[in-house]
There are 2 protein chains.
Amino acid sequence: MAGDEEQVFRNFLARKGRRWTPERKAVLREVFAHHDHFDAEELHRRLRARGLTVSRASVYRTLGLLVESGLVAEVFVEDGHMHYEHVYGHEQHSHLRCLGCRRVIEFRDEALPGVEARLAAAHHFQVTGHKLEVYGWCAACQGKEG
Amino acid sequence: MAGDEEQVFRNFLARKGRRWTPERKAVLREVFAHHDHFDAEELHRRLRARGLTVSRASVYRTLGLLVESGLVAEVFVEDGHMHYEHVYGHEQHSHLRCLGCRRVIEFRDEALPGVEARLAAAHHFQVTGHKLEVYGWCAACQGKEG
DNA sequence: ATTTTTATTGAGACTCTATATCATTATTTT
DNA sequence: AAAATAATGATATAGAGTCTCAATAAAAAT
């Protein structure tokens, strides 16, 4: 449900004996205000641009909690740092990346749930998620670079 | 074929107008001397322990070339830095990771080639590879942490 | 073989991401 | 309202990875 993420995060915090603060609220809102991938510094900049004063330290700390809560996911490392996306309220999806233009296409494939199920059974794992990234060259970039 | 990696790397370098040097040879050998995952600093330390003097800069540079050549793959980020594995001569595989004990289990799943093929067709991509990581809690770690 | 061209190396400086420290402040509990 | 304790922000610190550049070495040209 849209908008529900605040309640989910508050429940998560309460369960862990952590507190609900204005800073965490500001970060949560900013994270769910856009649908693009983002990184920690960009998030910090956007908050400041809105006139919200949340320190870098708190941005990083809150981001960690959001990932732990499952509301946000680490997507991939690019340019030497992590990139994220919010996942709550969105179907699980994977990423197809072009090695040339670095464009990212989201996709869903019906085979993945089966992979998870087989692994859970074979290794007695309680599988909580997966991260799949397929890479190659998009139509426009094929032929470039050797 | 085992041992072939040197020829593959030399061909790769030649094709790009890059040179075959003692430093690159030392790095290549060390990378293929073990079957575990490793990181750049560890690789550098192992080379020094063998009495081979290859600078950090050259280790990082060579690692980049090895990844580009396809002989080595970036596996995952842990503890804030990248971890690698050599892949030449090994069947493509994915990783199942326990969030508790951090154990990594390699696996192969017959569904992945199909996923690649579908994406290639649907998006006119020339798919060169994928990275799949499934995570959760192993039998021993289930119940730990909330 | 010698010379020329040019990629590579190593040392260290540097950038940047991310975390740790800690006194102060704010939230929650009692 | 007071006590307990988690969170914040400013800054320091750690660590990964890249860049610079003079010196060197590999490959190509002669």
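Across the interface of chain B and chain A, 14 residue pairs are in polar contact, both residues being at pLDDT 80 or more; a polar contact is a pair of N or O atoms within 3.5 Å, where within protein one must be able to donate a hydrogen and the other to accept it, and residues adjacent in sequence count only if both atoms are side-chain atoms. The model is predicted, so local features need pLDDT of at least 70 and side-chain atom pairs count only at pLDDT 80 or more, while totals for chains, interfaces and linings use all residues. Residues are numbered from 1 along each chain as its sequence is written, chains are lettered from A and ligands numbered from 1 in the order in which they are written, and side-chain values use heavy atoms, with hydrogens and water left out.

**Interface**

- On the chain B side, β3 (94–98), β4 (104–107), α5 (112–123) and β5 (126–137) each supply at least two residues that touch chain A; helices (H or I, at least four residues) and strands (E, at least two) are DSSP runs, numbered from the N terminus.
- β5(B) gives the most to this side, with 12 residues.
- By class, the side of chain B that touches chain A has 18 nonpolar, nine polar and nine charged residues; Ala, Val, Leu, Ile, Met, Phe, Trp, Tyr, Cys and Pro count as nonpolar, Asp, Glu, Lys and Arg as charged, and the others, Gly among them, as polar.
- Contact (heavy atoms within 4.5 Å) involves 36 residues of chain B and 36 residues of chain A.
- The two chains bury about 3,200 Å² between them, 64% of it on carbon and sulfur atoms; buried area is the accessible area (1.4 Å probe) that two parts lose on being put together, summed over both.

**Sheet across the chains**

- An open sheet of six strands runs in the order β4(A)-β3(A)-β5(A)-β5(B)-β3(B)-β4(B), with mixed pairing; two strands pair if DSSP finds at least two bridges between them.
- Its edge strands are β4 (104–107) of chain A and β4 of chain B, each pairing on one side only.
- Neighbouring strands of the sheet are turned by 20 degrees against each other on average, direction ignored; axes are lines fitted to C-alpha atoms, for helices over the stretch in contact, and angles run from 0 to 180 degrees between N-to-C directions.
- β5 (residues 126–137) of chain A pairs with β5(B) in the antiparallel sense over 11 bridges.
- G136(B) is the bridge partner of V127(A), and W137(B) that of Q126(A).
- Within chain B, β3(B) and β5(B) run parallel and are joined by four bridges; C98(B) has G136(B) as its bridge partner in β5(B).

**Helices on the sheet**

- Helix α5 (residues 112–123) of chain A packs on the sheet, touching β5 of chain A together with β3, β4 and β5 of chain B, and its direction makes about 135 degrees with that of β5(A).
- α5(B) lies across β3 (94–98), β4 and β5 of chain A together with β5 of chain B, at about 135 degrees to β5(B).

**Salt bridges**

- The structure holds 25 salt bridges over all chains, each defined as a side-chain nitrogen of Lys or Arg within 4 Å of a carboxyl oxygen of Asp or Glu.
- Two salt bridges are counted between chain B and chain A; D109(B) forms one with R118(A), the closest N and O atoms being 2.9 Å apart.
- E91(A) forms a salt bridge with R108(A), at 3.4 Å between the closest N and O atoms.
- E91(A) lies in the loop between β2 (81–86) and β3 of chain A and R108(A) in the loop between β4 and α5 of chain A, so the pair ties together parts that are 17 residues apart in sequence.
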